[in-house]
Amino acid sequence: MAAMSPIMNIMVKAAEKAGRNLSRDFGEVENLQVSRKGPANFVTAADKRAEEIIFEELKKARPTYSFLMEESGEVKGEDTDYVWIIDPLDGTHNFMHGIPHWCISIALEVKGRIEAGLVYDPIKDEMFRAERSGGAFMRSQRLRVSSRNNFESAFIAFGSAMDNKNYAEYANEFTKIAHIAPNLRRFGAAALDLAYVAAGRLDGYWERGLHPWDAAAGVLILKEAGGFVSSIDNEENPVYSRNIVAGNQPIQQDLKKALKSLSKEKAA
Ligand code: IPD
Ligand code: CA
Ligand code: CA
């Protein structure tokens, strides 16, 4: 494995511990599919437990740092310059339906800038990670975005957040992009979508309605793998802009241009 800093070691340890628990719970989900109540409550409990594990591990290692977590929200520590941004289970609906495509996402933000990020898929045991200026890795393998530059044949993922009600906007965007680049995929775990672009498995990705915990780690991993990522509509930090367009350089540019041209049509 490529050398890891002490901070990344802490993150990996926390993710692996929570990952073991989630994997065990995932094994139970199939049995629950047939029960009348379904697995929803069980999954919520698994999600919260995973967050607690990560919280405990990180707190133990860095007692003063602050937290921004999907389930428990903000927890301010003595030191508010250092913030762990955590999604303990990204791809919850896949998890609930017994689909093995979900992950844990942990990022460390220092004075408003993401310094370290990790996206861990425990089922495939794929640990994507990056530290700022240190490159991106999956275990010891260096990650690099794809070199495909033909938009028409690009392999592009998109997302449609369940809490976003702008269905017409989705339909328009999907129709527009599908006409140009028909190889679209909707995998259901935003952090893995970003990691897959970093690994060159996907050439591009876009989504509206994201939260910082979906994007923080994946954005750094992607950038460190030579990828490009920005907000779709403005110059905001893509971790916080809630809408995101990512890819290798040419595909990100083409995708962004196509999505922006729709916003312009709407405004006209
Ligand atoms: C969701 C997943 C999904 C994306 C949504 C996210 P969750 O996260 O990443 O792929 O489309 O925007 O909210 O709820 O499974 O943690
Ligand atoms: Ca998420
Ligand atoms: Ca989640």
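This is a predicted model: local features need pLDDT of at least 70, side-chain atom pairs count only at pLDDT 80 or more; totals for chains, interfaces and linings use all residues.
Local features are given at pLDDT of at least 70 and side-chain atom pairs at pLDDT 80 or more, while totals for chains, interfaces and linings use all residues. Residues are numbered from 1 along each chain as its sequence is written, and side-chain values use heavy atoms, with hydrogens and water left out.

The protein is divided into domain 1 (6–142) and domain 2 (156–267), with bounds that come from an automatic or database domain assignment. The domain centres, taken over C-alpha atoms, are separated by 22 Å. Domain 1 contributes 37 residues to the contact and domain 2 contributes 24, contact being heavy atoms within 4.5 Å. About 2100 Å² is buried between the domains, 67% of it on carbon and sulfur atoms; this is the accessible area (1.4 Å probe) that the two parts lose on being put together, summed over both.

One salt bridge is found across the interface of domain 1 and domain 2, the term denoting a side-chain nitrogen of Lys or Arg within 4 Å of a carboxyl oxygen of Asp or Glu. A salt bridge joins the side chains of Arg201 and Glu126, at 2.7 Å from N to O.

On the side of domain 1 that touches domain 2, elements giving two or more residues include helix H3 (92–96), strand S3 (79–90) and strand S5 (113–121). Helices (H or I, at least four residues) and strands (E, at least two) are DSSP runs, numbered from the N terminus. S5 gives the most to this side, with seven residues.

Note on methods
Chains are lettered from A and ligands numbered from 1 in the order in which they are written.
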